[in-house]
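Visitor: I would like to learn how to read the features of a model like this one. Could you take me through them in turn?

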Amino acid sequence: MEVAPRSLKPKPLYRQVRDELVRRIVEGAWAAGQAIPSEFEIAADLGVSQGTVRKALDEMAAERLVVRLQGKGTFVARHDDARILFQFFRLLPDTGEVRFPESRVLGVTARPATRADAQALGIAAGAPVIAFERVRFLDETPCILERIVLSEAMFPGLAARGLPNNLYDLYATAFGVTIAGATERLKAMVAGPHEAEHLAVAPGTPLLVVDRIATALDGRIGEWRVSICRTDHWHYKAELR
């Protein structure tokens with residue numbers, strides 16, 4: 001006898017409000033750094049209580065999608081250096097102050113996606129991508145060699161731009177792509193000639209590889225980044241909650 005599937009419970013109302021507000025951010029109703037309407041205005045617009053809106057915004061603030069400033073309102077979060085350092089940058093000095101690294105771009109290429117690019121980004125092999133490599137510095141010492149690949153369709157014209165140190169802020173402000181999360185895989189390697197040259201280490205030096213797939217608010221894959229890290233004076237920190 002065939003058993004009817006169990007019906008799924010609907011989302012709580014505050015979650016539905018949260019999803020609607022995220023959808024509006026994705027569609028460009030409010031840009032990064034811009035104030036969103038008040039709880040009262042959102043409640044009236046969506047036909048729900050202010051308490052429901054407040055709970056939705058509290059969840060969005062916990063997800064670092066919005067910033068709530070006492071007496072000023074609620075703002076779409078920007079990927080400023082402090083947020084990146086707290087949320088996405090995990091290589092920290094063994095001693096001393098935690099700082100956002102500086103960067104030097106080694107090269108930018110517009111090319112067809114390789115099979116690896118296509119698998120990582122969820123696009124067709126041969127689709128246009130933008131690939132670049134850069135070195136990141138802490139205290140003027142090279143500590144990370146990064147290789148980043150992006151879909152040209154998601155970031156049209158990025159290859160012709162000057163690339164700032166804070167890429168996630170550029171993605172949000174210039175292309176409307178807000179990076180909301182990432183999945184990382186870690187493994188070890190030893191430095192070859194290229195890594196040794198740019199990280200100022202001897203060939204054969206142990207290095208940490210962080211392979212990251214970053215996703216945007218709307219669930220699309222926004223970036224494939226492979227970071228090759230020195231760990232002689234730095235460590236990778238992850239907080240598990």
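Guide: What follows goes from the overall chain to single residues. Keep in mind that this is a predicted model.

Visitor: How many helices and strands are there in the protein chain?

Guide: The protein chain has seven helices and ten strands. Its C-alpha atoms fill a box of roughly 65 × 55 × 40 Å along the principal axes. Of the 241 residues, 42% are buried.

Visitor: Let us turn to aromatic rings. How many aromatic pairs does a search of the whole structure find?

Guide: The search finds three aromatic pairs. To class a pair, look at the angle between the ring planes: under 30 degrees is stacked, over 60 is edge-to-face, and the rest is tilted. Phe-155 and Tyr-171 have ring planes at 45° and centres 4.7 Å apart, so this pair is tilted.

Visitor: Which geometry does the pair of Tyr-168 and Tyr-171 have?

Guide: This aromatic pair is tilted as well, with 5.6 Å from centre to centre and 40° between the planes. Both residues lie in helix H6, three residues apart, which is about one turn of the helix. Tyr-168 has 2% relative accessibility and therefore counts as buried. Taken as a group, Phe-155, Tyr-168, Tyr-171 and Phe-175 form one aromatic cluster.

Visitor: Now polar contacts. With which side chains does Glu-223 make contact?

Guide: Here one looks at the N and O atoms. The side chain of Glu-223 makes a polar contact of 2.9 Å with the side chain of Tyr-168, a member of the aromatic cluster above. A polar contact of 2.9 Å also joins the side chains of Glu-223 and Arg-225.

Visitor: Is Glu-223 buried or exposed?

Guide: Glu-223 has a relative accessible area of 0%, so this residue is buried. Glu-223 is part of strand E9 (residues 221-229).

Visitor: What should I check for cysteines?

Guide: A disulfide is a covalent bond between the sulfur atoms of two cysteines. The distance between sulfurs is thus the value to read, and the cut-off is 2.5 Å. By this rule the structure has zero disulfides. Cys-143 is in no disulfide, and its nearest cysteine sulfur, that of Cys-229, is 7.4 Å away. Cys-229 likewise is in no disulfide, with the sulfur of Cys-143 as its nearest.

Visitor: Are Cys-143 and Cys-229 buried or exposed?

Guide: Cys-143 is buried because its relative accessible area is 0%. Cys-229 counts as buried because its relative accessibility is 3%.

Visitor: How many cavities of 30 Å³ or more are there?

Guide: The count is two cavities of 30 Å³ or more. The second largest cavity holds about 40 Å³ of space. Its lining consists of Val-26, Gly-176, Val-177, Thr-178, Ala-216, Leu-217, Asp-218 and Arg-220. By class, that lining has four nonpolar, two polar and two charged residues.

Visitor: What can backbone phi angles tell me?

Guide: Most residues other than glycine have a negative phi. Glu-140 has a phi near 65°, and its place is in the loop between strand E5 (128-138) and E6. Glu-140 is exposed because its relative accessible area is 77%.

Visitor: What is the phi of Ala-200 near?

Guide: The phi of Ala-200 is near 55°, again a positive value in a residue other than glycine. Ala-200 lies in the loop between helix H7 (193-199) and strand E8 (206-216). At 54% relative accessibility, which is over 50%, Ala-200 counts as exposed.

Visitor: Is Phe-40 buried or exposed?

Guide: Phe-40 has 56% relative accessibility and so counts as exposed. Phe-40 sits in helix H2 (residues 39-46). Phe-40 and Val-53 are 13 residues apart in sequence, and their C-alpha atoms are 8.3 Å apart in space.

Methods. Residues numbered from 1 in each chain as written. Predicted model: local features only at pLDDT ≥ 70, side-chain atom pairs only at ≥ 80, totals over all residues. Heavy atoms only, no water. Phe/Tyr/Trp six-rings, centres within 6.5 Å; stacked < 30°, edge-to-face > 60°. Helix = DSSP H or I, 4+ residues; strand = E, 2+ residues; numbered from the N terminus. Buried < 20%, exposed > 50% of the residue type's maximum accessible area, 1.4 Å probe, protein only. 1 Å grid on protein atoms, 1.4 Å probe; cavity = no way out; pocket = protein on both sides within 12 Å on 5 of 7 lines; lining within 4 Å. Points joined across faces, edges and corners; volume = space filled by probe spheres on them. Nonpolar A, V, L, I, M, F, W, Y, C, P; charged D, E, K, R; others polar. Polar contact = N/O pair within 3.5 Å; in protein donor to acceptor, adjacent residues only side chain to side chain.
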